[in-house]
Amino acid sequence: MPNPKIDRDYKDLFLNIPIALYRTTPQGELIDANLAMLSLVGHESMDELLAIDVDALYVNLDDRRFFRKKLLENGFLSQGEFRLFRKNGEIIWVQDSAYQIVDEAGKVIYYEGSLIDITSRIEATDDLRDYGRLQEILARFGQFALTDVSLPDLLDEAVHIVSRALSVDYCKYLQLSRGRDHLLLIAGVGWQDGMVGHARVNIGDDSQAGYTLLTDQPVVVDDFSLEDRFTEPSILKEHHVVSGMSVIVGEKKSPYGVFGVHTKTMRRFDDYEVNFLQSIANTLAEGIKQRHVRIDLIDNQARYQALFENAADAIEIVDENDNLLDVNAHLCGLLGYTREELLQMNIADLHVPELRLQRGSIVCNQFVRYGNTVFETLHIHRDGRRIPVELSISQIHSKGERFFFVIVRDITLRRNIEQQRRESEAKFRTLLNSIDDIIFTLDCDGRHVNVFGKLIENGSISEDHYLGKTPREILGEQGAIHEIAHSKALTGHPVIFEWSLSTTKGEIEYYQTSLSPMRDSDDHVIGAVGIRRNITDLKEAQNELLRYQDHLEELIEQRTSELQERIETSDQLNRGMINLMGDFQRASRRASEAANQLSIANRELESFAYSVSHDLRAPLRSINGFAQILASRHRENLNPEGQKYIDYVVQSGEQMAKLIEDLLTYSRMGRKAVRRAPLNFADILGDIQTNLHSSIHATKAIIHLPVAWPPIYGDRTLIHQIFLNLIDNAIKYHKPGLPPEIWLDYRIETEYAMIWVRDNGVGISPEYQEKVFDMFQRLHSDDEVRGTGIGLALVRKAAVLMNGEVGIDSSENEGSTFWIKLPLEIQEE
Amino acid sequence: MSIVLLVEDNPMDVALTQDAFHLKLPEVELRVARNGRSALDYLLGNDQYTDRELHPLPDLVLLDLKMPGISGHDVLREVKSNAALKLIPMIVLSSSNVEKDIRQSYALGANSYLVKPIVFDEFLDVVRKIGEYWLTINCRP
């Protein structure tokens, strides 16, 4: 029995629920609808709505057929999506869920359903689909940009695809001029004929493009007539442009240009479209950059090659570790190596051995640490010849790495000339300064420029007394005669004159001066050179001669012999000086030759040791190999004695292998440049413990490490060798029956760090302590401990290479303490 | 069955390598070229090596460096500049551990550089590892 109250409540609910509800007959009559339904389809009154034909609501009648079919088959429809017409002709998307209501006989009475407006969702999906299309276009353009298509073609493609993708009337790419004072339309779509390639646009806020360059953001214009950020350029007015957007191509601080689109009708570009345009512009920027780089690369490479090979100097390019990365033919010629050989080498290999040992990264150090861009050093020719060179360094940064461009100039000639000049000047001075006379030069103004002589040399007369002064300034009235002579000499004529001077003691001294013109290489007179001789004795002799006519002969003889004696003494002195100088030169030449020979001999010895030990490896490998095969697989063919002997062969072979490895390490050490870098001791000690794992394990050795390590610069390989050998030693020479225990510790002094390696082993008695660092010094027989006698020699060599020292404190049976002293800082050279 | 070409002039090293392969890689066929010239002839299929059925290209070349005449480096240079051969892994097996030799080998395209150990047990281990890595783990074209 229907309850009228419930029925009315239901009716109210039906009418007011905010979901569109309806009932229709299968024939398409609307029986009932609620207010939400009314507003969904946009009709004004319920009567009007109920009067319409339901089929007429459907945009596509197939949807209606589908609706009926579903209800017929299943009795319901779940979330069908259809398009309906609203009253004003607008189309909306709805989601329809419906049931059919049947009577007891199973006949359909009506359909009952609800509609939800899903227009906005569908539109969003459409947008999404559009966005996907733009993404696809973008991706394809990105790939296109990666091909080796030319820049004009790339730009052309960009404007075409963008104009199509966004359905705009105009698309443009404006290139910023080199002077950055205007923009040029170099690619475009839709513009009047003849504009692309010629039309110019101002920068600044005179145009949209110009304004775009001033801002970081894409510039979107809905309507140019309302724009107030910049003025609309005439070119856009002429094209009846209403809307548009533009973006920067490239980085704001160095843009390549502006990319933009325009429409003749009003258009609001949404975020997707703005992003799309910006993405195209970014791809374009990348493409332009790549092409620029490509052109630069070709240019640079050609330029670089030409410069490099044709330069008058030897040139090398090195990395931070001084490895040679490139060299030109001049360098090969200078040093006597082929290019291929040099490219395997390090700057250190080019240096003479004494410099090689001292420096870390030579070029980098000089440049970075000492700020030297030009310095002189000694290179070594392949044939051992030493070549003084001047290195001029500049640094290059490329791809995050630093390289050095080094010009190597042979300065042998310069050195020789300098040397000769110094030698001849020294010789000249020595000679002049041993002469009794005073020798001087005057410039054209009559001022003293140089003054030499024994009196100057022994300090009787001060050089300053003469230099820069005229004879008149020095001699007063007596200078007058000098002036006359000087002006005569300047005309090219030598002059000799005598003059006298009263000394402070009131005695008169007589002088003879000869003044000759001094000429330059063009034979122009540039001054005068003079010799002043004290002739007082001669004058006195003459005077005496006059005064004592009667003692004439006697006197003359006496004076003459006195004079002669003096001259002889002076001559002898000169000769002695010259001989002495010759001796000295010979001696120093011999010394330098000897030093040279010694260094060559040393080098030869080292390379001999190296090649011997290296070449020994091959036969030893055969001996070891076959002995081992015999000892394992042919053992049963040997009698017990044979078995014992073959075991000896295997053992000795292995011992010899170790010996050779150590020898090689020793002779190789120092062949490479010693590098100085901050050391990670923890890491190095970790490696060493791994190296020695089996012997540590076998002897149950305990190693105590300090908590922290000193901040030392050094060569990792060398430090590794030092500690490897010291710890290995400490393990080897442990007391029988007592597991080795090793303590490492350090102390920092002002300029160096002391590091100790202490053990509880057998110790070394004092008389041997001096010797343990020598090569092949072994204090134990093979039966006791297997050692090669090279380990501690290696330790010392490694320490010395790093400007350090090693030593030992020990007494027999008390354990040993080895110490290593290493400089904290790189030593200045 | 993999084929390895050993290029080695020292007869004793040849014998040791054969022995080691026999022990550690019995399934590998070891062919030997006794100098650089015959290594190149074999690889290029010259003269008596024309028949690839009889003389197939190896899966791996073990190359000594120091050989009279055509050196290991020469062989490397030739092989790595030949389009038909350059994909064959070239492993230098040399007694030299001089930096220069190593750098030059890699510069010429060597795929690996191994120093011949002096102690035979270690050499056996090297041979085993060559088989394990280059013939088993490593993917070849």
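Two residues are in contact if their C-beta atoms, placed from the backbone, lie within 7 Å. The model shown in these views is predicted.

**View 1. Chain A meets chain B.** On the chain A side, twelve residues are in contact with 14 residues of chain B. Two elements of chain A each give two or more residues to this side: helix H21 (552–633) and helix H22 (640–668). H21(A) gives the most, with nine residues. Four of its residues are nonpolar, five are polar and three are charged.

**View 2. The build of chain B.** Chain B holds five helices and five strands. Along the sequence they follow the pattern β-α-β-α-β-α-β-α-β-α. The chain has 141 residues, and 33% of them count as buried. Take the contacts in chain B between residues at least 6 apart in sequence: 67% of these join residues at least 24 apart.

**View 3. Helix H5 of chain B.** This helix covers residues 120–137 of chain B, 18 residues in total. From the first C-alpha to the last, H5(B) reaches 24 Å. That is close to the 26 Å expected at 1.5 Å a residue.

View 4. Five residues of H5(B) are buried: Phe120(B), Phe123(B), Val127(B), Ile130(B) and Gly131(B). Seen down the helix axis, the buried residues of H5(B) fall within an arc of 95°, so they line one face. An α-helix has 3.6 residues a turn, so residues three or four places apart point the same way. Thr136(B) and Ile137(B) are exposed, on the face of H5(B) turned away from its buried side.

**View 5. The largest nonpolar core.** This core has 66 residues. Those with the most contacts inside it are Val408(A), Ile722(A), Phe723(A), Leu726(A), Ile727(A), Val795(A) and Ala798(A). Helix H25 (residues 716–732) of chain A supplies the largest share of the core, nine residues.

**View 6. Around Val795(A).** Which residues are in contact with Val795(A), leaving aside its neighbours within four places in sequence? They are Ile722(A), Asn725(A), Leu726(A) and Val806(A). Val795(A) is itself among the residues with the most contacts inside the largest core, and so are Ile722(A) and Leu726(A).

**View 7. A second core.** A separate nonpolar core has 45 residues. Among them are Val168(A), Leu185(A), Ile203(A) and Tyr211(A).

Methods:
Residues numbered from 1 in each chain as written. Chains lettered and ligands numbered in written order. Predicted model: local features only at pLDDT ≥ 70, side-chain atom pairs only at ≥ 80, totals over all residues. Helix = DSSP H or I, 4+ residues; strand = E, 2+ residues; numbered from the N terminus. Nonpolar A, V, L, I, M, F, W, Y, C, P; charged D, E, K, R; others polar. Expected span 1.5 Å × (residues − 1). Buried ≥ 20, exposed ≤ 12 C-beta atoms within 10 Å, placed from the backbone. Arc of directions from axis to C-beta. Core = buried A, V, L, I, M, F, W, Y, C linked by C-beta atoms within 7 Å.
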